[in-house]
Amino acid sequence: MRSCSSTYKRGRRAGTGIFLFASLASTLLWQTDEFRGANPGASWTVSATHTLASPAVVIGASPDPVRVSLAFGISVALVSLCLRSGGGVHLNPAVTLALLAGLRVSPLRAVLYVLSQLGGALMASAVLLGVTPEAIRGKTGINELSPGVCEYQALCVEMFVTFQFVLCVFATLDPKSALHKLAPLAIGLAVTLGHLVAIGFTGCSMNPARSFGPAAVTVNFRSHWVGRQEGVAAGDESVLPPG
């Protein structure tokens with residue numbers, strides 16, 4: 001029993017780590033011709049062959065939302081397929097809490113899953129921060145409110161996109177559902193949709209572990225409460241029959 005629990009924890013930690021490393025890497029602001037055109041004179045030479053944008057300009061810029069959305073969706077789909085984790089079921093504390101509320105997972109296993117997910121997120125964020133040149137780190141994937149977005153607006157948007165994600169997960173768990181055999185693809189599309197909707201508001205969390213990792217390694221928890229509340233709300237909203 002102890003060996004089985006340890007294997008589950010390692011699998012979820014590794015899965016969340018791989019998923020978030022690949023996904024958060026898409027938020028990095030590598031200097032491109034388009035970036036230089038939009039920010040004339042905003043570069044500095046670090047060697048004879050490498051020119052990078054200044055940190056101040058990079059922090060003020062934003063990554064392509066379509067690229068980020070696709071990266072998160074494809075990443076969660078592939079990791080879920082490889083680990084057979086039910087389409088991202090146990091890569092996200094919000095979904096784990098929803099499954100706990102729906103009596104589909106025991107409290108002990110839910111706690112182990114969440115701890116593993118947070119550990120994987122912390123590992124992925126720390127590695128990404130360590131291997132990324134300082135000049136192009138930007139905000140390292142931190143979730144924060146966009147200018148003009150109020151906290152209640154951000155929370156409402158996060159609750160909506162997380163709920164549609166949880167709803168999709170529950171649909172794929174039903175053996176009678178047409179989505180059951182296509183779970184990784186369906187969940188990947190749900191994650192992509194959520195990001196396309198919410199990136200402009202909060203950078204899109206949908207996953208408390210995804211918010212926790214970057215916030216922890218940069219010690220910036222200013223808007224982290226939105227991600228935590230969204231996870232709790234997902235559990236409260238999952239009043240679906242066990243099937």
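1. Basis of the model. Residues are numbered from 1 along each chain as its sequence is written, and side-chain values use heavy atoms, with hydrogens and water left out. Because the model is predicted, local features need pLDDT of at least 70 and side-chain atom pairs count only at pLDDT 80 or more, whereas totals for chains, interfaces and linings use all residues.

2. Helices α4 and α8. Helices are DSSP runs (H or I, at least four residues), numbered from the N terminus. The axes of α4 and α8 come within 8 Å and cross at roughly 155°; axes are lines fitted to C-alpha atoms, for helices over the stretch in contact, and angles run from 0 to 180 degrees between N-to-C directions. This angle makes α4 roughly antiparallel to α8 (a term for angles over 145 degrees). Their crossing is right-handed, that is, the near helix is turned clockwise from the far one by less than a right angle. Ala, Val, Leu, Ile, Met, Phe, Trp, Tyr, Cys and Pro count as nonpolar, Asp, Glu, Lys and Arg as charged, and the others, Gly among them, as polar.

3. Helices α7 and α8. The axes of α7 and α8 come within 9 Å and cross at roughly 175°, and the two helices are therefore roughly antiparallel to each other. The α7 side of the contact includes F165 and V169, and the α8 side includes V191 and F201. The residues divide into 15 nonpolar, 4 polar and 1 charged.

4. Helices α5 and α7. Helix α5 (residues 93–101) and helix α7 (residues 151–173) have axes that come within 10 Å and cross at roughly 60°. The crossing is right-handed. A94, V95, A98 and L99 in α5 meet residues of α7 that include F165 and V169.

5. Cavities. The structure holds 3 cavities of 30 Å³ or more. A cavity is a set of points, on a 1 Å grid over the protein atoms alone, where a 1.4 Å probe fits but cannot get out; lining residues have an atom within 4 Å of a point. The largest cavity has a volume of about 90 Å³, a volume being the space filled by probe spheres set on the points. Its lining has 14 residues, of which F19, N92, F165, V191 and N207 lie nearest the centre. Two or more lining residues come from each of α1 (2–25), α4 (65–83) and α8 (183–202).

Definitions and conventions. Contact = heavy atoms within 4.5 Å. 1 Å grid on protein atoms, 1.4 Å probe; cavity = no way out; pocket = protein on both sides within 12 Å on 5 of 7 lines; lining within 4 Å. Parallel < 35°, antiparallel > 145°, perpendicular 65-115°, else oblique.
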